[in-house]
Amino acid sequence: MASTRFSVHAVKTTPMAASTSFTEPVLGLHTAGRHRMRRRQSGRLLEGWSDPGTITLSPANAYATWEADGRSRAIVVFLQDAFMSRVILENWEVDPRSVEIVPQFLVRDPVIEAVVTQLATETRGELSSGLLYADSACEFLAHHLLQRYSTLSKVPSRPLGGLPAHRLKAVKDYIDENLGSAISLHELAGLARVGVRHFERAFRQSLGMPPHRYVLERRVSVARDLLLSCPMLRIEEIARRLGFSSSSHLSSAFARRTGCSPAAFRRKNV
C-alpha cells in the first residue's frame, strides 16, 4: 500500500547483510524468524535478537550496515519526509529541520506493532476500512514516533472539544456527496480548518467514532437504502457506486453490521 504519506511493504525474506541509507524515515517490524542481528551506525555497533514484534527505526539519510545470522520476515514502512514535516508543523509548530529522529534497534513498542500490523492487513485487502483508515493510522503512527523517538519531548497542546456544528456539517455533507470516491483524512481536516490530528480527536468527540468508521457506516447505510429502493440494481453496481473495491468487499462490511449479506437482506425485505 502506498500514498503521498507513506508506503508499506511486506518483506518475506530479509537480507542477511546490507549497507544502505534511505532518503526518508524507515520503520521496520519483524514478524517471523529469531536471529542474531548487528547494526553499525554512526560508528556505534549494536547487537540483539530479531524476535517477532521487535522494531527498528532509522532516520532519513542515516547510513548503516546490517548483518544477521538468518533470514526473517518483516513489515517495512517508509514515511514521506514532507508528510512528517507537516505533522511536526501542525502539532508542534516548530521548524521540521530542527527535529531529529532518534534511531532505534530491536526495541519493543506494542503501539507501533499493532498499527503497523493493521496497515499490513489493509495492504493485503483483508479489511474493508480502506484508504481513510490507512491515512488515519499513519497520522497516528507519525505522531507517536515523533512524540517518543525524536528530539521533540513536549506533548503538543491542542484545544479540547468537538468540531463546531457548521464545520461538522460541511464534513458530513462532503462525505455523503463523495461516498463513491476515495476520501482522504487530509481533505476532511481541510474542510474543518484544523490539523489532521486535532480533526480526528474532535470528529471522534463529536460523533463517537473515528472518521474511517463513520464513512464505512454511511456507505453501508446507503447500500441498505439502495437494496430496498432499487431492487433491480445489481449488488456489484451498488458496491461500485459507494466506493467498495468489489461486491465481496461490500458484502463483508454489510454482514458485519447487519448480520446478513446484501443478497439475503434484499430477499428478506423486498
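## Arg-234 and its partner

Arg-234 sits at 54% relative accessibility, so it counts as exposed (over 50% relative accessible area; under 20% is buried and anything in between is partly exposed, with a 1.4 Å probe and protein chains only). Its side chain meets that of Glu-236 in a salt bridge, 3.5 Å from N to O. Here a salt bridge is a side-chain nitrogen of Lys or Arg within 4 Å of a carboxyl oxygen of Asp or Glu. Glu-236 has 39% relative accessibility, so this one is partly exposed.

This is a predicted model, where local features need pLDDT of at least 70 and side-chain atom pairs count only at pLDDT 80 or more, while totals for chains, interfaces and linings use all residues. Residues are numbered from 1 along each chain as its sequence is written, and side-chain values use heavy atoms, leaving out hydrogens and water.

Searching the whole structure turns up 15 salt bridges. One of them pairs the side chains of Arg-34 and Asp-51, at 2.4 Å from N to O. Arg-34 is in the loop between strands E3 (26-32) and E4 (36-41), and Asp-51 in the loop between E5 (44-49) and E6 (54-58), so the pair ties together parts 17 residues apart in sequence. (Strands, E, are DSSP runs of at least two residues, numbered from the N terminus.) Arg-34 is partly exposed, at 49% relative accessibility.

Arg-38 and Glu-67 form another salt bridge, with their closest N and O atoms 3.4 Å apart. That pair links distant parts of the chain: Arg-38 is in strand E4 and Glu-67 in strand E7 (residues 64-68), 29 residues apart. Glu-67 is partly exposed, at 45% relative accessible area. Asp-69 joins in too: Arg-38, Glu-67 and Asp-69 are linked in a network of salt bridges.

Terms used:
Helices (H or I, at least four residues) and strands (E, at least two) are DSSP runs, numbered from the N terminus.
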